[in-house]
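Welcome! Here is a short briefing to read alongside the sequence and the 3D view.

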Amino acid sequence: MQTAKKILLPYTESGTAMAAIRRQPQRGVLVLILLILVHISACAESLQVLHWWRSTGEQKAVAVLSNRMAQENIQWRDGLVPSGSGIGANIVLKSRVLAGNAPEVAQLNGVLISEWADLGLLLEMDSVAVAGKWEKLLLPSVWSLVQSHGHLVAAPLGVHRTNTLFYNKKIFSKYDLSAPNTWEEFEQIAKKLQQAGIVPLAQSTEPWQLATLFDTILLSESSPAFYQEAFVRKEPAAFYDQRFSRALKRLRTLKKYMVLSAQERTWMEMARQLAEGNAAMMIMGDWVKGELNAMGLVTDVGFGCTAVPETGNYHLYNVDTLVMLAKDNSLRATQEKFAQMLISPALQAEYNQVKGSISVLRNPDLSKMDSCSRASWKLFSRGSSVQVPSLVHRMATDEISKDAIIAEIHRFFMDDQMTIGETQRRLGAIARYLSKTKAGNDAQDINR
Ligand code: BGC
């Protein structure tokens, strides 16, 4: 990763200091020291950014951001806490804030933004929003997400689509297959692949990865309204509903088409299985696209992407956002400059192309996107009727509720003795309990 540290010092470019040293060694050294001091103070602005992007594709996206910062003479101090979907990073962030050692910037997504803003922990950047015309520039749901009680408290990076199915093009063309639109078609393909000795679906047993799959299955078996009944409003009745039991059944059916290892695999390892032809399909957020591209696979050549069966009309999404932590005011100007930089059209195009997500702007340059991103942006920009906030990726509800639901889905998947009815009862009980607590009432509604 390139950082500001790698910028050449001006005196080495011009050569004037070197000439001065040769002419009058003592004065020259003084000039040199002076120039170094000037340079250090010019680069003195630095921001530590806490995030969880550690895969090759994610690191390339980080490099886009840090290089852009370096051009503005701001140094990116890397605060990587490796953890798929950010579970560990959020814990570290919380403990650093409690210890009075908060970073200046942090990746904080979805519902957490308003929770942290309510605690007074985030910098309000209203003057940035006004000067930069954010309301006009950003897609409406993104603009609503980055505000809390009418104040701008986060800067958006990109929108991911989590109901994405990736498939290995070589395998699909070898067996004359086309991307499935329905679960029936998916099963026909999966059976054919199994007969040929190919693993149909790459899948890890890591809880958040399993729940990312279940998220999209639930949407496919119901509708955006039902999904929100269950995961945003956590209405107990939704968990006892037939649509919920159908989704659990589908999850168990899909297990037949996976080869599960005893160890939990990272999503990057799963993406590699797909890339190397050790599995034919993978269901995951489109950060996988960034990873496949980083491995050298070209979209529509090495792999294809489509919506998860029976979810083609919907965009199950999560938005990556950076918040500026409110500390003393000494770095406010730098934090605000950074926030404004993030929504510039050029940065949005470059960053999202590498990350696999789509621009948060209303008028991005569609010609710079590949077919997957273009389809994702066109759908998402249709607005709230097609947008469904992902539970697992923090767009639907608070952490406690999310983690409790994910744990039950994981238990159901791992233990074949656990019945659908028992899982529904357990989830219904959790929902009943949560709706009586504060956590249960903090649900985010994308139309808020
Ligand atoms: C984040 C992505 C990230 C992915 C995998 C998601 O929750 O939104 O930016 O690439 O987790 O760690």
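Which residue just after α6 takes a positive phi? G120 does, with a phi of about 75 degrees. This is a predicted model, where local features need pLDDT of at least 70, side-chain atom pairs count only at pLDDT 80 or more, and totals for chains, interfaces and linings use all residues. Residues are numbered from 1 along each chain as its sequence is written.

**Helix α6**
- Six of the eight residues of helix α6 (residues 111–118) are buried, so the helix is largely enclosed by the rest of the structure.
- The buried residues are V111, L112, I113, S114, W116 and A117; buried means that 20 or more other C-beta atoms, placed from the backbone, lie within 10 Å of a residue's own.
- Among the elements covering them are α9 (140–145), β4 (147–148) and β11 (315–324).
- Helices here are DSSP runs of H or I with at least four residues, strands are runs of E with at least two, and both are numbered from the N terminus.

**Helices α16 and α17**
- Helix α16 (residues 267–275) packs against helix α17 (residues 287–294) at an angle of about 60 degrees, with the axes 10 Å apart; axes are lines fitted to C-alpha atoms over the stretch in contact, and angles run from 0 to 180 degrees between N-to-C directions.
- W267, M268, A271 and A275 of α16 make the contact with V288, E291 and L292 of α17, where contact means C-beta atoms, placed from the backbone, within 7 Å.

**Around the ligand**
- The ligand's surroundings include W52, W53, E58, H160, D320 and H393, counting residues whose C-beta atom, placed from the backbone, lies within 6 Å of the molecule.

Technical notes
Buried ≥ 20, exposed ≤ 12 C-beta atoms within 10 Å, placed from the backbone. Contact = placed C-beta atoms within 7 Å.
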